[in-house]
Amino acid sequence: MTSSRHDQPVIATYDAADLPARRDELLERRQPAVISGLFKGQLLGELTDAQKVREALGDLQVMIGVNYIDAHLANIRNFVQGSSAPIAIDKKPGLLRDYLDLIEREPTTRALTSEQPTPERILNDCNLGAVGIEKVHGGYGNPLAQRSASEAHSLMFVANAGNASDLHTDWDGRDVLLHQVFGRKRIVLFPPESGFKLFPIDIFSTVAVNAMDDAERAALIAYAGGIEVVVEAGQTILMPAFWWHHVGYVDAAMSVSFRFGGVIDPDAVALIGSVHRDCHIQNIVAGTLDPRRAEACKAAARRLRAAAAEPAPSAREKYRAMRILAAECYRSTLLPGEHAPAEPVITAEDFLDGALCAFYRRPPKGPAWRQRIWQKREAFNEAIRRFGRRLAYQA
Ligand SMILES: [Fe+2]
């Protein structure tokens with residue numbers, strides 16, 4: 001692991017051999033860290049180049065898809081143009097060796113295999129006892145399920161040099177161990193409170209870190225209080241829940257993630273699946289893990305959860321009211337007596353509200369005719385807004 005610049009904060013490092021004694025410290029500081037040797041002597045610790053992976057896992061069924069940030073950008077373009085159909089992220093089944101062949105043949109491809117459930121043959125030889133994880137499941141855990149510090153869900157990622165999972169935050173509220181199997185990845189991290197400076201839409205920052213040169217990235221990191229690290233084969237990075245992360249492939253590389261623990265407050269967990277995703281909500285939910293502000297953030301989460309359950313005339317009005325309440329809760333809970341950070345213009349409610357309102361698009365309770373009227377009115381309003389965007393785009 002190398003820090004890219006001497007004048008930036010340096011990430012904490014741990015040796016797996018010391019973890020039995022330092023595990024609580026590692027998990028309780030709620031800061032990123034790099035662990036060396038976590039899978040020493042296990043299959044994951046031995047697949048240190050593409051050829052070894054091809055031999056051990058070449059026949060593994062995977063989905064080969066387009067870069068999902070590209071797909072989301074296409075969706076945003078379509079939204080602005082008033083198109084109704086969201087683009088599905090195009091994925092085709094194949095074998096892992098097909099993908100490894102593809103990136104040898106086409107080193108600049110935007111295709112990647114990401115978020116694949118980690119196969120049993122890896123998990124069967126996977127001991128994470130050093131960090132207190134006793135059981136690992138392949139796949140992405142239900143974000144709303146009861147979470148546990150001793151159970152993890154595991155995904156694997158393989159892509160070529162130059163590809164990236166661009167700057168975003170995950171919304172399952174779990175901590176993540178990302179193990180580098182072969183190749184190197186550049187990881188740029190920002191704490192939840194930096195989100196306001198990263199111009200996000202939903203959980204995606206609009207800052208294109210992958211297109212930045214070293215100096216531009218250093219300036220962004222200094223401005224928004226981030227940290228950068230290049231993780232090498234055999235190293236595992238700990239990313240606390242709700243940290244923003246950009247993961248760039250320095251080489252063709254493979255990594256395996258383990259998502260575990262994280263947010264436990266029941267109101268905060270409920271918010272993860274039932275309200276819109278913005279920086280205010282993110283910081284309140286993440287704040288329930290910070291001993292200095294946990295009680296205030298839990299109270300705010302309880303208030304937001306109760307408000308979200310109240311009926312509203314339309315999803316749009318509900319979204320508008322919830323955004324205002326979330327900002328108020330954030331200010332009174334996390335910034336008492338201070339001015340709130342300026343909100344990026346692009347989170348204004350008239351932009352992308354079709355997507356962001358969706359969390360509140362619930363038919364009212366009651367007779368079926370009332371629900372049908374509500375659905376027709378929502379569909380009509382959406383059609384009008386879409387038509388308006390199309391006119392504005394073509395004007
Ligand atoms: Fe992520």
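**Reading aromatic pairs and a metal site**

Guide: W171 is a buried residue, with a relative accessible area of 7%. The model is predicted, and W171 will return below as part of an aromatic pair.

Visitor: How many aromatic pairs does a search of the whole structure find?

Guide: The search finds three aromatic pairs. One of them joins F39 and F258, whose ring centres are 5.6 Å apart and whose planes meet at 25 degrees, so this pair is stacked.

Visitor: Where do F39 and F258 lie?

Guide: F39 belongs to the loop between β2 (33–36) and α2 (43–46), while F258 is in strand β16 (residues 253–260), so the pair ties together parts that are 219 residues apart in sequence.

Visitor: Is F39 buried or exposed, and is F258 buried or exposed?

Guide: F39 is buried, at a relative accessible area of 1%. F258 is buried as well, with a value of 0%.

Visitor: Which kind of pair do W171 and F242 form?

Guide: Their ring centres lie 5.2 Å apart and their planes are at 85 degrees, so the pair is edge-to-face. W171 is in the loop between β8 (164–169) and β9 (175–182), and F242 is in the loop between β14 (235–239) and β15 (244–249), so the pair ties together parts that are 71 residues apart in sequence. F242 is buried, with a relative accessible area of 3%.

Visitor: Which ring does the charged end of K197 sit over?

Guide: The charged end of K197 sits over the ring of Y223, at 5.0 Å from the centre of that ring.

Visitor: Which residues coordinate the iron ion?

Guide: The donors are H168 (NE2), D170 (OD), D170 (OD) and H245 (NE2), at 2.1 to 2.7 Å. Along the chain, these donors follow the spacing H-x1-D-x74-H. D170 lies in the loop between β8 and β9 and H245 in strand β15, so the two tie together parts that are 75 residues apart in sequence. D170 counts as buried at 17% relative accessibility, and H245 is buried at 7%.

Visitor: What are the ideal angles for four tetrahedral donors, and what arrangement do the four donor atoms around the iron ion have?

Guide: The ideal angle for four tetrahedral donors is 109.5 degrees. Around the iron ion, the four donor atoms subtend angles of 51 to 135 degrees, which makes the arrangement irregular.

Methods:
Residues are numbered from 1 along each chain as its sequence is written. This is a predicted model: local features need pLDDT of at least 70, side-chain atom pairs count only at pLDDT 80 or more; totals for chains, interfaces and linings use all residues. Side-chain values use heavy atoms; hydrogens and water are left out. Rings of Phe, Tyr and Trp (its six-membered ring) pair if their centres lie within 6.5 Å; planes under 30 degrees apart count as stacked, over 60 as edge-to-face and the rest as tilted. Helices (H or I, at least four residues) and strands (E, at least two) are DSSP runs, numbered from the N terminus. Buried means under 20% relative accessible area, exposed over 50%, partly exposed in between (1.4 Å probe, protein chains only). A charge sits over a ring if NZ of Lys or CZ of Arg is within 6 Å of the ring centre and within 35 degrees of the ring normal. Donors are N, O and S atoms within 2.8 Å of the metal (3.2 Å for Na, K and Ca); water is not among the atoms, so sites may look incomplete. Four donors count as tetrahedral if all angles lie between 85 and 135 degrees; four count as square planar and six as octahedral if opposite donors are over 155 degrees apart and all others between 65 and 115; anything else is irregular.
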